[in-house]
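Please keep the sequence and the model in view while reading.

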Amino acid sequence: MRKKWMIIAALAQAANVFAQIELRSEYLPQQKYINDNGDKTEGKSSAVTTTFTATVPVSIKPSNYQQPSLWAATLNASYTSFSNDGIAAEALPKEMGSADLGVMYMTPLNEKLMFIGGASAGVYSTHTDLKKLEMDHVVVNVYSSFIWQLRPKIKLGVALVGNNAFDKPMLIPFPYFQYHSEKARGMEYHAELSYTPKFSVGYRFNETFALRIVNRPKFFFSLAKIDGQKKYFDHHYVSLGMEPEYSINNWTISGMFGANFGRTDRYRDREPSNFLKWGNATFDPSFYISAGIKYNFAKKHK
C-alpha cells in the first residue's frame, strides 16, 4: 500500500511540473526596417507568432529520492506570419514554421542533483509547402544537463546541446541559473539564465490571480535554400511588459502588454562559422502584445 501511494504522489508531482499543454500567440506591429549600414528605410514589417508546446510523461517511477524518474514525450511547434512592405519584403520571408517531436528523461542522482536529457527531431522551414520540404530542413537535437539545488530558491547547472542547425553537428555548452521565490500571497521573484531565459518580479494576490513585470527574450529559426545556397534565418526579439495571470482549476490564462526591443530578423549562411554572427537590430522598437492559455494535467496543491 505504501508503494502504491508513493507512485501516486510521484505521478501527481511529475504531472504538475511536466504534463502540460500551452498555446500562445504574440504580435509585433509594423516596424521600420534598418539596413546593414544602420540606416532606417521605408520598408516595414509586422509579425504574428503562434506556438504550441506539450510535455506529457509516459513512464513515471519513484526513486530513492523526493523526485521521481520519468520518461516524457515532447512536442514543440511554431508558426510566424510576416507582413512585409518595401525593402523588408526583399529581406524577409513571408512565413516560417517548425514542428519538433522528442523524448525526455529525468532522474535524480542524489537529494540535490538532477539529470535531464533527451533527443528530438523536427522540420524547420521558411515555407509551409509540404511538397517542397527536403532533408535539409530536418534538425536533430540532443541535450543533457545537470542541475544542482544549491539552496531552496537557487538552482545551478550546466547543459550540453548538440544539433545540426548550422548544417554540421555542433556541441554547444549552456550555463543554467535559476532563482525563484514564490509565496501563496505576496511578492514573487524569478530570474532564469538558460536556453529560454526569463526575468520577472510581481505580486501574487491569491492562488487565482498574479500580476508581474516580465522580461523574456524570444528566439525562432528556420532553414532555407536561396540560389542553391543553404541559409539559416532567425527571428529574435526581447519583450518587456506587464503580465496578468489568472488560474482556475487546471487552466492558466495570461497576457502581456509592453514593448519589444532589439528585434533582429536576418539570413545567415548555414555554416558553423556564422553561429555567433548576430549583428545589430534590424527593426525599431515597438509595442508588444501576447496571450496564452495553459492546461496542467494535475491540479496544484498548496
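## The lining of the largest cavity

The largest cavity is lined by Asp-136, His-137, Leu-223, Ala-224, Lys-225, Lys-230, Lys-231 and Arg-270. The model in which these residues are placed is a predicted one. By residue type, the lining holds five charged residues, two nonpolar ones and one polar one.

Which strands each supply at least two residues of this lining? They are β11, which covers residues 209-226, and β12, which covers residues 229-248. Strand β11 gives the most, with three residues.

## Number and volume of cavities

Rolling a probe the size of a water molecule over the atoms shows where empty space is left. How many cavities of 30 Å³ or more does the structure hold? There is one. The space in the largest cavity comes to about 50 Å³.

## The protein as a whole

The protein contains 14 strands and two helices. Its C-alpha trace spans about 70 × 40 × 35 Å along the principal axes. The radius of gyration is 21 Å, which agrees with the value near 19 Å that a compact globule of 302 residues would have.

Of the 302 residues, 43% count as buried. The accessible surface of the protein is about 16700 Å², and carbon and sulfur atoms make up 61% of that surface. Contacts can also be sorted by distance along the sequence.

Ser-98 belongs to strand β4, which runs over residues 95-108. Is Ser-98 buried or exposed? The relative accessible area of Ser-98 is 15%. A residue counts as buried when this value is under 20%, so Ser-98 is buried.

What does Ser-98 touch, leaving aside its neighbours within four places in sequence? Its contacts are Asn-76, Ala-77 and Ser-78, together with Val-123 and Tyr-124.

Technical notes
Residues numbered from 1 in each chain as written. Predicted model: local features only at pLDDT ≥ 70, side-chain atom pairs only at ≥ 80, totals over all residues. Heavy atoms only, no water. 1 Å grid on protein atoms, 1.4 Å probe; cavity = no way out; pocket = protein on both sides within 12 Å on 5 of 7 lines; lining within 4 Å. Points joined across faces, edges and corners; volume = space filled by probe spheres on them. Helix = DSSP H or I, 4+ residues; strand = E, 2+ residues; numbered from the N terminus. Nonpolar A, V, L, I, M, F, W, Y, C, P; charged D, E, K, R; others polar. Rg over C-alpha atoms; globule rule 2.2 N^0.38 Å. Buried < 20%, exposed > 50% of the residue type's maximum accessible area, 1.4 Å probe, protein only. Areas by Shrake-Rupley, 256 points an atom, 1.4 Å probe, with all protein chains shown as cover. Contact = heavy atoms within 4.5 Å.
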